[in-house]
Amino acid sequence: CTDGGGGRAVLWLQCSLRLADNPALLRAVEQAADGLAVVFVWRHGQRPSTASAVFECAAAHSLDKALHKLGNRLVVLHSDDDDTKAAQAVAQIVHKTGAQLAVLDASSKCGTSCASLLENALSDLGNNAALEIFADSHLLLPFDVSCRALGRSRTGGKILRWPTYLRAAACLEVAPPLGSPHTLPPPLLDTSVDSMYAAGPLM
């Protein structure tokens with residue numbers, strides 16, 4: 001893919017299950033004029049059993065609805081909690097669809113290792129698709145802004161005191177979040193037909 005050109009892309013979302021303020025999604029959309037597959041790996045079995053899994057399930061459903069309104073769908077792969085198998089499954093989609101670019105949301109705790117595993121899985125398939133990695137810090141404010149808002153300790157270092165931090169942070173300029181894409185490329189997989197990759201209910 002080249003900047004602004006046509007192509008196919010596969011976006012593997014791990015934590016950033018949203019349209020707005022999602023640089024990985026915007027990059028994939030930019031490079032996928034001919035087709036885009038937005039992939040999410042569900043690792044919690046038939047039913048979510050923890051509060052965090054329930055939240056993740058709801059976020060995936062919400063994202064699928066938002067993508068559907070723009071003419072795409074969330075491709076859900078069911079896997080156990082095995083990063084290698086997850087990366088291999090995503091690599092298979094990249095290979096099957098002929099995508100020239102794989103974009104990885106590496107915001108999860110296993111983000112770095114998943115990037116290496118996906119690269120290896122693509123190599124094992126003899127696939128030379130490019131791989132781009134994006135990571136979200138999940139901070140309330142950007143790191144450099146947070147550091148400027150910290151107070152001074154008695155020894156001259158930085159210290160977090162919430163009243164001081166919030167007053168200082170409110171006076172600092174922060175770049176606005178990225179917007180949502182208004183349109184999406186067509187889906188690379190027909191999720192209404194291909195049951196192996198169908199974005200069906202998680203619960």
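Helix H1, which spans residues 23-31, has as its buried residues Ala-24, Leu-25, Arg-27, Ala-28, Val-29 and Gln-31, where buried means under 20% relative accessible area, exposed means over 50% and partly exposed lies in between, with a 1.4 Å probe and protein chains only. The cover over these buried residues of H1 includes E1, E2, E4 and strand E5 (130-134). This is a predicted model, in which local features need pLDDT of at least 70 and side-chain atom pairs count only at pLDDT 80 or more, while totals for chains, interfaces and linings use all residues. Residues are numbered from 1 along each chain as its sequence is written, and side-chain values use heavy atoms, with hydrogens and water left out.

**Overall layout**

- The protein chain contains six helices and seven strands, taken as DSSP runs numbered from the N terminus, with helices (H or I) of at least four residues and strands (E) of at least two.
- Read from the N terminus on, the elements follow the order β-α-β-α-β-α-β-α-β-α-β-β-α.
- Of the 203 residues in the protein chain, 41% are buried.
- Among contacts (heavy atoms within 4.5 Å) between residues at least 6 apart in sequence, 78% join residues that are at least 24 apart.

**Confidence**

- The pLDDT, which is the predictor's confidence in each residue on a scale from 0 to 100, averages 83 over the protein chain, and 86% of the residues score at least 70.
- Among the elements, helix H5 (residues 143-149) has the lowest mean pLDDT, 72, whereas E1 has the highest, 96.
- Over residues 193-203 the pLDDT is below 50, although this stretch has 30 contacts in the model beyond near neighbours in sequence.
- Where pLDDT is low, the predicted coordinates should not be read in detail.

**Strand pairing and crossovers**

- Five of the six residues of E1 are buried, so this strand is largely enclosed by the rest of the structure.
- E1 runs parallel to E2, to which six bridges join it, and the E2 bridge partner of Trp-12 is Val-39; two strands count as paired if DSSP finds at least two bridges between them.
- E1 also runs parallel to E4, with four bridges joining the two strands, and in E4 the bridge partner of Val-10 is Ala-102.
- E2 and E3 pair in the parallel sense over five bridges, with Val-38 standing opposite Leu-74 in E3.
- E3 is mostly covered, as four of its five residues are buried.
- E1, H1 and E2 make a right-handed β-α-β unit, the crossover being right-handed if, with the strands pointing away from the viewer, the path from the first strand over the helix to the second runs clockwise.
- A right-handed β-α-β unit is likewise made by E2, helix H2 (residues 51-69) and E3.

- Val-90 is in contact with Val-10, Trp-12, Val-39, Val-41, Leu-77 and Leu-118, leaving aside its neighbours within four places in sequence.

**Individual residues**

- Asp-21, placed in the loop between E1 and H1, has a positive phi of about 50 degrees although it is not a glycine, and Asp-21 counts as partly exposed at 30% relative accessibility.
- Most residues other than glycine have a negative phi.
- Thr-164 lies in helix H6 (residues 162-171) and is partly exposed, with a relative accessible area of 30%.
- Not counting residues up to four places away in sequence, Thr-164 touches Ala-149 and Gly-151; the C-alpha atoms of Thr-164 and Ala-149, which are 15 residues apart along the chain, are separated by 7.6 Å.
- Cys-15 counts as partly exposed at 36% relative accessibility, whereas Cys-114 is buried, with a relative accessible area of 0%.
- A search of the whole structure finds zero disulfides, a disulfide being a pair of cysteine sulfur atoms within 2.5 Å.
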